[in-house]
Amino acid sequence: MDNQRLLIWAFVAILAWMTWQTWQQDYGPQPVQQAIEQAGEAAPEMSAPEDGLPDITATDDALPEAPDAPLTAAAATPTAPSITVSTDVLDVTISTAGGTLRSAVLKKYPVAKDRPDELVDLLEDGGKGFGIIESGVRAAGGAAEATHLSSFVATQTSFDLGGADELIVPLRWTDESGITIEKRYHFKRGSYRIELEQVVSNNSEATWKGAEYVRIKRHSGEMERSMFDVDSYSFIGPIIYDGEKSEKLNHDDLIDDGPVEYSSTQGWVGSIQHHFVRAVVPTPGVDFKYNVSARGNASTTTAIRRGLVSVEPGSSETLTTTLFVGPKLQEQLEEINEKLKLTVDYGWLTIISGPLFWLLSLVYSYVGNWGVAIIVVTFLIKLAFYKLTESSGRSMAKMRQIQPRMKALQDRYKDDRQALSQAMMDLYKREKVNPAAGCLPILIQMPFFLAFYWVLLESVEMRQAPFALWITDLSTRDPYFILPLIMGAAMLMQQRLNPAPTDPVQAKVMQIMPIMFTVFFAFFPSGLVLYWVTNTVLSIAQQWKINRVVEAEAKAQKGGKKKD
């Protein structure tokens with residue numbers, strides 16, 4: 001096997017795979033749009049628990065059917081007063097109708113680099129970006145309950161974290177029977193974690209039995225896609241973790257196969273949107289029943305406790321659930337649940353991408369620039385594979401030396417391919433050259449290239465991260481295509497250090513490879529191009545050194561033969 005040919009096919013395979021993924025996003029199966037008359041139907045219900053607790057959708061509101069449609073009056077309850085909450089990282093709107101989270105603006109994350117005043121809002125109560133987090137308490141036996149449709153009362157209309165480290169926002173609902181339910185939202189400085197406490201106080205004369213629920217509602221319709229916007233090619237929709245593995249749920253599958261239900265004591269549910277996530281993480285160790293269902297162009301994610309909680313007269317019970325509404329900052333996600341970082345979708349290369357991101361983060365903590373961190377980590381990877389790539393480099397250097405003799409053999413046996421193959425094998429054996437020596441190092445490095453691709457594409461830490469000069473966002477393409485052009489030039493220089501293919505067709509392919517890769521990489525994240533430029537420059541330096549060493553060894557060997 002020829003090293004050059006292997007390199008060509010390896011990269012063609014990678015580019016074909018990336019192209020296939022993009023094609024699937026553009027032309028693959030898209031979410032099914034339901035008929036308009038379904039708009040008035042109730043959302044798919046969660047099957048009733050064995051303990052007799054009513055379904056949370058028994059008195060449900062309707063989801064907006066069309067992406068552009070505003071919420072119906074029943075769903076949005078626009079007359080209900082809202083509470084505004086401001087922290088150092090979030091601006092949240094909470095409706096007194098059910099204590100529902102209807103807006104979550106991320107203060108430190110603009111929609112685009114060139115639109116710094118337009119901030120990402122992960123929760124919206126209408127339009128294409130519709131998404132809310134509802135919660136409530138259902139009761140068994142017809143007892144008093146406060147659902148996401150109940151009216152709560154707050155002590156004030158706005159709350160501000162100010163200089164404090166923690167902020168508690170209370171909302172209260174009281175029934176004439178003596179049951180009081182208070183929702184408390186806990187916000188902390190610098191955190192996108194929101195603790196939700198639903199406190200049930202029983203001042204009646206009978207035992208109260210019930211359970212809390214929390215659910216995410218959001219649109220999951222088709223998104224407009226653009227080759228210039230990496231955000232548009234990410235998965236948007238529900239993700240679950242059943243205690244053993246995580247799974248992204250396709251909207252079409254939910255429509256065709258029906259709701260996904262499971263029970264777990266260590267699970268969670270969420271809704272992901274490239275660099276951002278909305279997640280519901282129940283109390284660990286408590287058995288919860290989970291349900292994810294879809295209707296029309298809207299999907300509903302629901303979590304509800306399977307077993308009932310009993311609250312005796314004169315006592316109270318606090319039901320706690322953790323919410324996360326924000327960027328996929330892996331450190332914050334791990335603090336809530338170690339497996340919550342699986343919302344960062346590195347795909348099948350997580351085993352490499354995870355440690356690679358950890359190393360990048362470690363280097364970044366010292367250098368303070370993600371671009372510089374990429375360069376340093378690329379150097380470390382190159383250093384780690386130095387011995388492997390050295391064997392490949394020596395093989396190519398020796399192939400380069402015997403190339404004139406190979407050309408002579410081709411001219412001599414141009415009409416006898418069998419004789420040519422035998423003569424070439426004899427030459428390789430005599431000069432101790434193994435054309436396949438570099439195959440393994442090249443193949444081993446391929447997963448690292450793909451892993452780097454996913455790290456740069458999926459890690460929110462890279463989002464809008466500047467490097468230097470014209471590179472202001474490592475997660476998007478180079479606006480002036482300068483890095484791809486530098487990469488193409490570096491590949492041409494690298495080819496000059498390697499033996500030219502003896503096959504004319506292969507030689508022509510090698511000549512157009514730098515052009516082809518320049519075009520492909522022009523639309524890749526600039527951080528990935530920076531990695532490949534750095535890797536190519538280091539490869540050039542390494543091969544140049546190896547060529548000089550091999551040439552010196554050859555001269556020394558010739559000198560020794562002459563003396564003999």
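What follows is a working chat about side-chain contacts, a surface patch and strand pairing in a predicted model.

Biologist: Before we start, what are the ground rules for this model?
Modeller: The model is predicted, so local features need pLDDT of at least 70 and side-chain atom pairs count only at pLDDT 80 or more, while totals for chains, interfaces and linings use all residues. Residues are numbered from 1 along each chain as its sequence is written, and side-chain values use heavy atoms, with hydrogens and water left out.

Biologist: How many salt bridges are there in the whole structure?
Modeller: The search finds 15. A salt bridge here is a side-chain nitrogen of Lys or Arg within 4 Å of a carboxyl oxygen of Asp or Glu.

Biologist: Which residue does Glu197 pair with?
Modeller: Glu197 pairs with Arg184, and the closest N and O atoms are 3.7 Å apart. The two are 13 residues apart in the chain, with Glu197 in strand β10 (residues 193–202) and Arg184 in strand β9 (residues 179–188). Helices (H or I, at least four residues) and strands (E, at least two) are DSSP runs, numbered from the N terminus.

Biologist: Is Glu197 buried or exposed?
Modeller: Glu197 is buried, at 17% relative accessibility. Arg184 is partly exposed, at 29%. The cut-offs are under 20% relative accessible area for buried and over 50% for exposed, with partly exposed in between (1.4 Å probe, protein chains only).

Biologist: Which residues are in the salt-bridge network with Glu197?
Modeller: The network links Glu197 with Arg172, Glu182 and Arg184.

Biologist: And Asp345, what does its side chain meet?
Modeller: The side chain of Lys248, in a salt bridge of 2.4 Å from N to O. This pair spans 97 residues: Asp345 is in the loop between α4 (330–336) and α5 (350–367), and Lys248 is in strand β13 (residues 246–248). Asp345 is partly exposed at 22%, and Lys248 is partly exposed at 34%.

Biologist: What about Glu261, which lysine does that one take?
Modeller: Glu261 forms a salt bridge with Lys289, with 3.9 Å between the closest N and O atoms. Glu261 belongs to strand β14 (residues 260–264) and Lys289 to strand β17 (residues 288–295), 28 residues apart. Glu261 is partly exposed, with a relative accessible area of 34%, whereas Lys289 is buried at 12%.

Biologist: Switching to rings. How many aromatic pairs does the search find?
Modeller: There are 11 aromatic pairs in the whole structure. Rings of Phe, Tyr and Trp (its six-membered ring) pair if their centres lie within 6.5 Å; planes under 30 degrees apart count as stacked, over 60 as edge-to-face and the rest as tilted.

Biologist: Are Tyr109 and Phe276 stacked or edge-to-face?
Modeller: Edge-to-face, because the planes of Tyr109 and Phe276 are at 90°, with the ring centres 5.9 Å apart. Tyr109 sits in strand β3 (residues 101–112) and Phe276 in strand β16 (residues 276–282), 167 residues apart. Tyr109 is buried at 14%, and Phe276 is buried at 5%. Ring pairs also link Tyr109 and Phe276 with Tyr192 and Phe324 into a cluster.

Biologist: And Phe452 with Tyr531, how do those rings sit?
Modeller: The rings of Phe452 and Tyr531 are stacked, with centres 4.3 Å apart and planes at 25°. Phe452 is in helix α10 (residues 439–458) and Tyr531 in helix α13 (residues 526–563), 79 residues apart. Both Phe452 and Tyr531 are buried.

Biologist: Which residues form the nonpolar patch on the surface?
Modeller: Trp358, Leu362, Tyr364, Tyr366, Val367 and Val372, with about 620 Å² of accessible area together. Patches are made of residues with over 30% relative accessible area and no salt bridge: like charges are joined within 9 Å, nonpolar side chains (Val, Leu, Ile, Met, Phe, Trp, Tyr) within 5 Å. Areas come from the Shrake-Rupley method with a 1.4 Å probe, and for residues only the protein chains shown count as cover.

Biologist: What gives the most to that patch?
Modeller: α5, with 5 residues. Val372 lies in helix α6 (residues 370–384) and is partly exposed at 32%.

Biologist: Last topic: why is strand β15 described as largely enclosed?
Modeller: Because 5 of the 6 residues of β15 (residues 268–273) are buried. Strand β12 (residues 236–241) runs antiparallel to β15 and is joined to it by 6 bridges; strands pair if DSSP finds at least two bridges between them. Ile236 stands opposite Gln273 in β15.

Biologist: How many bridges join β15 to β16?
Modeller: There are 5, and β15 and β16 run antiparallel. Ile272 stands opposite Val277 in β16. The hairpin of β15 and β16 has 2 residues between the strands, and His274 takes a positive phi near 50° there.
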